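Open the model in your viewer and keep the selection panel at hand. The stops below are meant to be taken in order.

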Amino acid sequence: MKKQVFCPSTVISPLQAGETMRVKMRGFAAFTKKELLESVRTYKLFILLAVFLLFGMMNPLFAKLMPKIVEAALPKGMEMSLAEPTAIDSWSQFYKNIPQMGLLVLVILFSPMLSGEFSKGTLINILTKGLPRKTVIVSKYLFSSLLWSASYWLCYGITFLYTSLLWTQESVSHIFPAALFLWAFGLLLLAVLIFAGVLCKSSYGCLLFTGGFVAVLFLLDLIPKVKKINPIKLASDNLMLLTNESVLSDWTWPMVSCFCIIMAGIWGGVILFNKRQI
Amino acid sequence: MKEIMPYIPFLIPYLILEFGLAITALIHVIKHSEFRFGNKALWIIIVLFFQILGPICYFVFGKGEE
C-alpha cells in the first residue's frame with residue numbers, strides 16, 4: 001500500500017497531475033489542522049474569541065452608560081450637560097476600540113506565528129519530508145485570517161445586536177460596508193505580519209516591522225495624492241461613512257491598494273521563505 | 001444604581017466572559033510553575049486585578065513553554 005502524506009518533489013513528479021494535487025492538498029490540510037490544534041493549546045483561539053466578544057459587548061454598553069456614570073460621579077449641585085447617546089456613539093466606540101486594541105491584540109497574538117517555529121525548529125521535520133514551503137506560508141496566512149474573520153464578525157454581530165436593542169439604527173448608514181473595510185485592514189496587517197515573520201528572526205522584530213509599516217502608512221497620509229489610495233483609510237475613516245460624510249466611491253482605491261499589499265506580502269513572503277535558511 | 005438596572009441583562013454576559021477569562025488564566029497560573037519571567041504571585045495579581053489585559057498578557061508573554 002502506498003502511503004504518501006508528504007512526498008518529496010522528486011517522488012511526486014512521475015505521478016499524475018490529479019494525484020500531485022491531492023498530495024499537495026493533503027499536506028495543506030494536515031498543516032492547517034496542526035495550526036488549529038496549536039491555536040487551541042496555546043489558548044490563542046480562546047483569547048481572540050473572548051477578547052473580541054468582550055469588545056463587542058463593551059462598545060454599545062460603554063456608549064450608553066458613560067453619561068450616566070459621569071453624572072453619578074460628579075459632586076452634587078454640579079451640572080454638566082451631556083448629550084443623550086445615540087447609535088452613532090456605539091459605533092464610534094467600535095471604530096475606536098477595534099482599530100486600536102483589537103488590532104493590537106491580533107498582531108501581538110500572531111507575531112510568533114513564524115518566528116516561534118524558527119526558534120523551536122519545528123518546521124525542519126515537515127519541510128524535509130517534502131511539504132512545499134509555499135504551503136506553510138499560505139496555510140498560516142489563511143488560518144490566521146480565518147481566526148481574525150471569525151472573531152471580528154462575532155464582535156461586529158454582538159455590537160450590531162446590542163446597538164439595535166438599545167437604540168434604533170435608522171440614522172446610521174453604510175453599517176456593513178464600513179465594517180467590511182476594517183476587516184480588510186485586518187487581513188492586510190496579517191499579510192504584513194507574515195512577510196515580517198519570514199524577514200525577522202524574533203517575534204519582537206515582527207511586531208516592530210508591522211508597527212513601522214502602520215506608522216509609515218500614517219505618515220504617507222500627510223501627502224494629499226497618496227491619501228486618496230492609502231489603505232490606512234480603511235481603519236481610520238469608517239465613522240465618516242456611517243455619518244454620510246464620505247461616499248462609498250472614495251473607498252475603491254484604498255481597497256485596491258489594500259488588496260495589492262496583501263498579495264505582495266504573501267508573494268514576497270513565499271519568495272523570501274524559499275531562499276531562507278531554516 | 002436604579003438607572004443601571006434596565007441594562008443588567010446586557011451586563012451579565014459581559015461580566016461572565018470577563019471573569020471566565022480571568023479564572024481560566026488564574027487556573028493556568030496555579031497549575032504551572034514555569035514562567036518566562038516573574039513568579040506565581042506576580043502573575044496571580046496581574047491576572048486578577050487587570051481586567052481583560054491581565055489574562056492576555058499572561059497567555060502571550062508570561063506563560064512558560066511546556
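A patch is built from residues with over 30% relative accessible area and no salt bridge, where like charges are joined within 9 Å and nonpolar side chains (Val, Leu, Ile, Met, Phe, Trp, Tyr) within 5 Å. Accessible areas come from the Shrake-Rupley method with a 1.4 Å probe, and for residues only the protein chains shown count as cover. A salt bridge is a side-chain nitrogen of Lys or Arg within 4 Å of a carboxyl oxygen of Asp or Glu.

This is a predicted model, in which local features need pLDDT of at least 70 and side-chain atom pairs count only at pLDDT 80 or more, while totals for chains, interfaces and linings use all residues. Residues are numbered from 1 along each chain as its sequence is written, chains are lettered from A and ligands numbered from 1 in the order in which they are written, and side-chain values use heavy atoms, with hydrogens and water left out.

**Stop 1: a patch on chain B**

Select Ile45(B), Leu48(B), Phe49(B), Phe50(B) and Leu53(B). Together they make a nonpolar patch on the surface, with about 530 Å² of accessible area. Which helix gives the most to the nonpolar patch? Helix 2 of chain B (residues 40–49) does, with three residues. Helices are DSSP runs of H or I with at least four residues, strands are runs of E with at least two, and both are numbered from the N terminus.

Now pick Ile45(B), which sits in helix 2 of chain B. Ile45(B) counts as partly exposed because its relative accessibility is 48%. The cut-offs are under 20% relative accessible area for buried, over 50% for exposed, and partly exposed in between (1.4 Å probe, protein chains only).

**Stop 2**

Along its principal axes, the C-alpha trace of chain A spans about 85 × 45 × 35 Å. Chain A has 278 residues, of which 47% count as buried.

Switch to a surface view. Chain A exposes about 14200 Å², and carbon and sulfur atoms supply 69% of that area.

**Stop 3**

Start with Glu19(A) and Arg22(A), whose side chains meet in one of 3.4 Å, N to O. These two residues are three apart in helix 2 of chain A (residues 17–41), so about one helical turn separates them. Glu19(A) is partly exposed, at a relative accessible area of 23%.

**Stop 3: a salt-bridge network**

Next, select Lys34(A), Glu35(A), Glu38(A), Glu117(A) and Lys140(A), which are linked in a network of salt bridges. The Lys34(A) and Glu35(A) side chains meet at 2.9 Å, N to O. Is Glu35(A) buried or exposed? Glu35(A) is buried, with a relative accessible area of 6%, whereas Lys34(A) is partly exposed at 27%.

Lys34(A) also forms a salt bridge with Glu117(A), and their closest N and O atoms are 2.4 Å apart. Since Lys34(A) lies in helix 2 of chain A and Glu117(A) in helix 5 (residues 112–120), the pair ties together parts that are 83 residues apart in sequence. Glu117(A) counts as buried, at 4% relative accessibility.

**Stop 4: helix 5 of chain A**

Stay with helix 5 of chain A and colour its buried residues: Met113(A), Leu114(A), Ser115(A), Gly116(A), Glu117(A) and Phe118(A). Finish at Gly121(A), which follows helix 5 of chain A and has a positive phi, near 70 degrees.
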